[in-house]
2 protein chains.
Amino acid sequence: MASLGELERAVMDLLWAGQEAATANTLRDQLARTSATQDGPGHEGKELAVTTVLTVLSRLEKKGLVERERGTRPHRYQAVSSRADHTAELMHEVLGSAPDREAVLARFIGSVSEGEAETLRKLLGHL
Amino acid sequence: MASLGELERAVMDLLWAGQEAATANTLRDQLARTSATQDGPGHEGKELAVTTVLTVLSRLEKKGLVERERGTRPHRYQAVSSRADHTAELMHEVLGSAPDREAVLARFIGSVSEGEAETLRKLLGHL
DNA sequence: TCAGTTTTCTACGCTTCGTAGAACTGTAAC
DNA sequence: GTTACAGTTCTACGAAGCGTAGAAAACTGA
């Protein structure tokens with residue numbers, strides 16, 4: 001249950017980018033703005049209904065990616081884990097499903113940039 | 001377009017396991033047998049229709065995971081790349097979607113077993 | 001209590017996947 | 001070369017996931 005839809009991902013990106021918990025309305029506005037800027041001029045930002053955003057947030061909550069404060073009246077939503085954590089977890093998930101983990105790691109390392117290889121060496125150094 | 005359904009995955013597992021190209025019928029039989037043994041006794045193997053297997057193979061072909069020899073009359077199907085290659089590619093895909101690649105790698109390395117860390121060190125050594 | 005805001009319920013259309021019948025096609029034997 | 005059969009493609013349906021949002025319910029401030 002790892003894959004996200006397009007809008008779900010867009011919402012997660014916003015939650016991961018912002019450091020504070022956000023309300024559905026805030027997110028709705030940000031979605032309008034970001035899609036307007038990123039998709040270039042002429043492609044006006046999607047004016048989503050707030051209910052749409054709320055539905056998506058509920059689904060993300062059910063998936064365990066988002067948690068909400070139910071106390072405050074406009075509920076505030078935030079990502080459960082950082083994007084980096086989440087992505088790393090995904091990578092482990094992908095890797096975990098393989099019986100030949102070492103072979104996978106070999107292939108993986110084989111196609112990593114030199115800069116990243118260096119990063120990895122450093123990270124592995126102090127273990 | 002990375003995720004596979006349950007049956008699609010089962011078929012890929014068979015294609016990855018066998019070294020030779022297989023026909024739809026062969027796969028149908030293997031599916032019946034493997035699900036019988038793996039799921040324990042009492043759970044009889046799924047007797048799928050051959051058309052079902054063919055449909056799945058077509059879909060896998062469209063996804064670029066499988067290729068078939070159209071020359072021979074019972075078409076023969078085989079995985080385009082090894083499971084290890086495929087999995088490693090998936091990992092790169094997951095990683096590639098992140099703007100903070102180094103942070104992801106750090107988290108990833110952080111939760112790798114010591115044995116695998118050793119493997120990684122060796123792999124990174126001779127680059 | 002009332003009006004406005006926020007959340008939940010319900011729903012519809014689209015796509016993917018498991019599943020397979022129906023129809024078509026190639027092949028081998030007669 | 002016509003026929004019978006194995007193999008392949010076409011078409012389709014039901015379930016689930018996702019984008020989308022209206023309608024209804026719940027809440028809050030006045």
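Trainee: Before we count anything, what is a polar contact here?

Mentor: Happy to start there. A polar contact is a pair of N or O atoms within 3.5 Å, and within protein one must be able to donate a hydrogen and the other to accept it. This is a predicted model, and side-chain atom pairs count only at pLDDT 80 or more. With both residues at pLDDT 80 or more, the number of residue pairs in polar contact between chain B and chain A is 12.

Trainee: Which element gives the most to the side of chain B that touches chain A?

Mentor: Three helices of chain B each give two or more residues to that side: α4 (83–96), α5 (101–110) and α6 (114–125). With 10 residues, the top contributor is α4(B).

Trainee: How many salt bridges are there between chain B and chain A?

Mentor: One to look at joins R107(B) to D85(A), with the closest N and O atoms 2.9 Å apart. A salt bridge needs the nitrogen and oxygen within 4 Å, so this pair qualifies. The count between the two chains is four.

Trainee: How much area do chain B and chain A bury between them?

Mentor: Chain B brings 34 residues to the contact and chain A brings 33. Carbon and sulfur atoms carry 71% of the buried area, and the total is about 3500 Å².

Trainee: How many residues has the largest nonpolar core?

Mentor: Helices α4, α5 and α6 of chain A and of chain B each give two or more residues to this core. M91(A), F108(A), M91(B) and F108(B) are among the residues with the most contacts inside it, and its size is 30 residues.

Definitions and conventions:
Residues numbered from 1 in each chain as written. Chains lettered and ligands numbered in written order. Predicted model: local features only at pLDDT ≥ 70, side-chain atom pairs only at ≥ 80, totals over all residues. Heavy atoms only, no water. Contact = heavy atoms within 4.5 Å. Buried area = accessible area lost by both parts, 1.4 Å probe. Salt bridge = Lys/Arg side-chain N within 4 Å of Asp/Glu carboxyl O. Polar contact = N/O pair within 3.5 Å; in protein donor to acceptor, adjacent residues only side chain to side chain. Helix = DSSP H or I, 4+ residues; strand = E, 2+ residues; numbered from the N terminus. Core = buried A, V, L, I, M, F, W, Y, C linked by side-chain atoms within 4.5 Å. Buried < 20%, exposed > 50% of the residue type's maximum accessible area, 1.4 Å probe, protein only.
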